[in-house]
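Q: Please take me through this model, beginning with the backbone of the loops.

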Amino acid sequence: MAILDKFSTLAARYDALKQSGSDPFSVKFDDIISSVEGVVNGKRTVLFGTNNYLGLTFDPVAMERSIEAIRQHGTGTTGSRIANGSYKGHEQLERELADFYGRKHCMVFSTGYQANLAMISTLVGKDDHLIIDADSHASIYDASRLGHAPVVRFRHNNPDDLAKRLARLKDVPGEKLIVAEGIYSMLGDTAPLKEFVDVKREFGAYLMVDEAHSMGVLGQRGRGLAEREGVEEDVDFVVGTFSKSLASVGGFCVSSIEGFDILRLAARPYMFTASLPPSIIASTISALETLRHEPQRRTKLRANSRRFYNGLKDAGFTVGPEANPIVAVILNDVAVATAFWKRLIDEGMYLNLALPPATPNSSAFLRSSVSAAHNDEHIDFAIELMTRVGREFGLIPDAEPDYSNVTQFPRVSAERPAARASIAPARRREADVGAGMA
Ligand SMILES: Cc1ncc(COP(=O)(O)O)c(C=O)c1O
């Protein structure tokens, strides 16, 4: 066991968490009924703990294309594109992503995590400088450890601090790469990209934006924060993932920089891992088409986000700074947050418990993500439940908002479905945005 001794503190904390009666880090779904509903501990549960922003995980067209791709091209590629070759689908997806973003080049990776690992660790070397936001996602931090560039962190979303740190490097040779995110995955806040662009220009740095949580969510065409802020020209590299709005798995980077393709022979997380299987490529291409041609999903997502965010805020909760699909309720106390989380899952709402050290400012909070496939009933159920529990816990004032129109969720049955067949109709119907519950 000695080799695991270094984890004893972590193990003790985890045991303490489990002794409180819940284990938020190993939730098991008895079933997934739709993109926004599942069954947990035998109870029909509304899902607010996914990143299924456009509600496409059960999209019938994507599912059919995925199945057809398996029939035609098999279940996997069994190797990396460099050593074992590319399929037509890999190249088609790269062309379509480049076209969607209006860029010359695209590289597709096996996960979003690897997209960051590959791009960041390769673009800047030992004679360059990597400048990252202090609240960066783990994949950005891990990329900084895989690469050889010295790393500078600037204060979260703080253009003045970014400028101060770049000023210190002004006369130091080497390229400078700034990395920021579109929507931050914990609190749902957005980066001040216009100000970052001013700083980048002043110091002649490169800028990469990870649009993992903002692709399909922000911007008129759904390209993300850089599109919404009108600064795409100044973003040299856009990184993203297929695991959120595009409802599959994988990642990408697009850019118009000259000579981009040499990265295929330099980026180790691209070269030394198996490429995405045909089924994933096929469903991702389909989801990208839907993202492009169904802007109403984005409109619905925004309306849902505002409804949920404002509902919680009006109830008196401390929420994150912006009404985006990621909605954080800040509770600070780990024990309270854990007990709150457990009550919610026991009563049919699944969301994420975010605890230190993974959280900004070492706070404890409940992180929800809203989907275009949620309907008003799902959202009002969640607001009502959180409000009731929040009052019971003495976390919010006891005022009485009017929930007279809200129907109890779940309407169907709080019991485990007797047989899989009993939930099949719901599974088929749900693909429509805003579709009602069974
Ligand atoms: C900002 C950010 N970048 C990258 C990733 C990694 O993406 P994936 O889970 O698709 O590997 C995530 C995942 O949550 C993320 O939040």
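**Loops and backbone**

A: Asn-41 sits in the loop between β2 and β3 (43–47); strands here are DSSP runs of E with at least two residues, helices are runs of H or I with at least four, and both are numbered from the N terminus. The model is predicted, so local features need pLDDT of at least 70 and side-chain atom pairs count only at pLDDT 80 or more, while totals for chains, interfaces and linings use all residues. Residues are numbered from 1 along each chain as its sequence is written, and side-chain values use heavy atoms, leaving out hydrogens and water.

Q: What is the phi of Asn-41?
A: Asn-41 has a positive phi of about 50 degrees, although this residue is not a glycine. Most residues other than glycine have a negative phi, and most peptide bonds are trans.

Q: And which peptide bond is cis?
A: The bond from Pro-356 to Pro-357 is cis, with omega near 10 degrees. Pro-357 is placed in the loop between β13 and β14.

Q: How do β13 and β14 pair?
A: β13 and β14 (residues 365–369) are antiparallel and share three bridges; strands pair if DSSP finds at least two bridges between them. Ala-354 stands opposite Phe-365 of β14.

Q: What is the strand order in that sheet?
A: The order is β11-β14-β13, in an open sheet of three strands with antiparallel pairing. Its edge strands, each pairing on one side only, are β11 (326–330) and β13 (352–354). Neighbouring strands of this sheet are turned by 30 degrees against each other on average, direction ignored.

Q: Which strands make up the sheet of four?
A: That open sheet runs in the order β1-β2-β3-β12, and its pairing is mixed. β1 (29–32) and β12 (349–350) are its edge strands, each pairing on one side only. β1 and β2 (residues 37–40) run antiparallel and are joined by three bridges, and Asp-31 has Val-39 of β2 as its bridge partner.

Q: Changing topic to helices: at what angle do α2 and α11 pack?
A: α2 (residues 60–73) and α11 (residues 278–293) pack at about 150 degrees, with axes 7 Å apart. Axes are lines fitted to C-alpha atoms, for helices over the stretch in contact, and angles between N-to-C directions run from 0 to 180 degrees. The two helices are therefore roughly antiparallel (over 145 degrees; under 35 is roughly parallel, 65 to 115 roughly perpendicular, the rest oblique). The crossing of α2 and α11 is right-handed, the near helix being turned clockwise from the far one by less than a right angle.

Q: Which residues of α12 and α14 meet?
A: Among them are Lys-300, Arg-307 and Phe-308 in α12, and Asp-376, Ile-379 and Met-386 in α14; contact means heavy atoms within 4.5 Å. The contact residues divide into seven nonpolar, three polar and four charged (nonpolar: Ala, Val, Leu, Ile, Met, Phe, Trp, Tyr, Cys and Pro; charged: Asp, Glu, Lys and Arg; polar: the others, Gly among them).

Q: At what angle do their axes cross?
A: The axes of α12 (residues 295–315) and α14 (residues 376–392) cross at roughly 20 degrees and come within 10 Å. That makes α12 roughly parallel to α14.

Q: Last, into which domains is the chain divided?
A: Domain 1 covers 20–49 + 295–412 and domain 2 covers 60–293, with bounds from an automatic or database domain assignment. Their C-alpha centres lie 29 Å apart. The contact between them takes 20 residues from domain 1 and 21 residues from domain 2.
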